[in-house]
Amino acid sequence: MVQPDVLFKSLSKAIGLAAITVILLWLLYKVSAVLLLFLFAMVLVLVINAPVSWLENKGMKRGWACLLVFGCIFLMFGVLGWLVIPRVHEQLQALLYNLPNYIRSLSVNISYWVEEYPQLSKEIREEGYSVTQLMPSPSNLITKISNYSLSLFGFIFLSIIFICIVIYSVAKPKPLLHTYFTLFPAAKREKAEAALTHTSVMLTGWIRANLIGGSIEAVATTIFLTIMDVPGAWVWGAIALFAELIPNIGFYIMSVPPTLLALSVSPMTAFWVFIFFLVLSEIMASIIMPRLIASTMDLHPVSTLFMLLVMGSAFGLIGALLTVPVTAIIKAYFSAFRNGDEAEAAHIDDRINKVLYHTNK
């Protein structure tokens, strides 16, 4: 028979552990945005560390290497902001101001396609006008956007902290790495080293491929849409620059809105815009991106789509942008720490064939 004092102590311990667990989960929920920001900072640290370490291996002191790399990064963003942001801002304002007219033209053009079906054509026209009426006026829309300017100070504050975390982590990485390795038992530190190295290689390849590929798509999109007189060409080019960061659905994000907007200009314009994005996607997916990524990334589309749903649902746009880094981290650590039998691993392909083709070979 269990003694009452023993039962009381066990029950008290269980309640205490449950309370601590609930408090920790609540705390994690409250600081989830901070943890996500820190994860994003660590991803950038691993990426920026690659050129800094390369310069350090060439004989340059790490401080000067950091200064050179960060100087190039800030210079690139400065030039980009000076050349691109004013045009994007100007065209974005024009798009917002004329959006009701674009929707009205779009509904009219679509109704012409279905004019053989009078009832459907009438409904499309009515729906187009109702959407226009439901939308806020351009002045109200701009006013609502300007109301968010109060949060600009908070954004600047977080940005300063974020940049400081990245700079200090790249400039002095050894204390952080020392803390990282002490989190693992001595027997597991070799695997921890392999996992972090693999993660760094994957993320460096990913960011390099997306920067080059996104730049190609942005320039091509801006030039083509400008030639075709599609409104907001610089806006769609800026979206194309970052669309590749969202796996698998980035093509739709950068192609569907300008195609619909081109349809408000004319059906033929929309047709050529659609063909352009189709050809661009095929060239990028079949020729350019595989050469850029090479063997650094080996993520299955299903795994990235699943993580996209999870990260997007949990953290919104920032979570969607971090889908590939998080998937790469999970894969790197799973590959390093899985404890499978080598003899069994050699027969995995045979087991896969049996499942797929129902063979007994």
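I took helices as DSSP runs of H or I with at least four residues, and strands as runs of E with at least two, numbered from the N terminus. I note that this is a predicted model, in which local features need pLDDT of at least 70 and side-chain atom pairs count only at pLDDT 80 or more, while totals for chains, interfaces and linings use all residues. Residues are numbered from 1 along each chain as its sequence is written, and side-chain values use heavy atoms, without hydrogens and water.

Two or more lining residues come from each of α2 (32–57), α8 (174–182), α9 (189–227) and α14 (323–337), with α9 giving the largest share, eight residues.

**Cysteines.** I searched the whole structure for disulfides, meaning pairs of cysteine sulfur atoms within 2.5 Å, and found zero. Cysteine 72 has 45% relative accessibility and cysteine 164 has 33%, so each counts as partly exposed (between buried, under 20% relative accessible area, and exposed, over 50%, with a 1.4 Å probe and protein chains only).

**Isoleucine 249.** I placed isoleucine 249 in the loop between α10 (233–243) and α11, where its relative accessible area of 34% makes this residue partly exposed.
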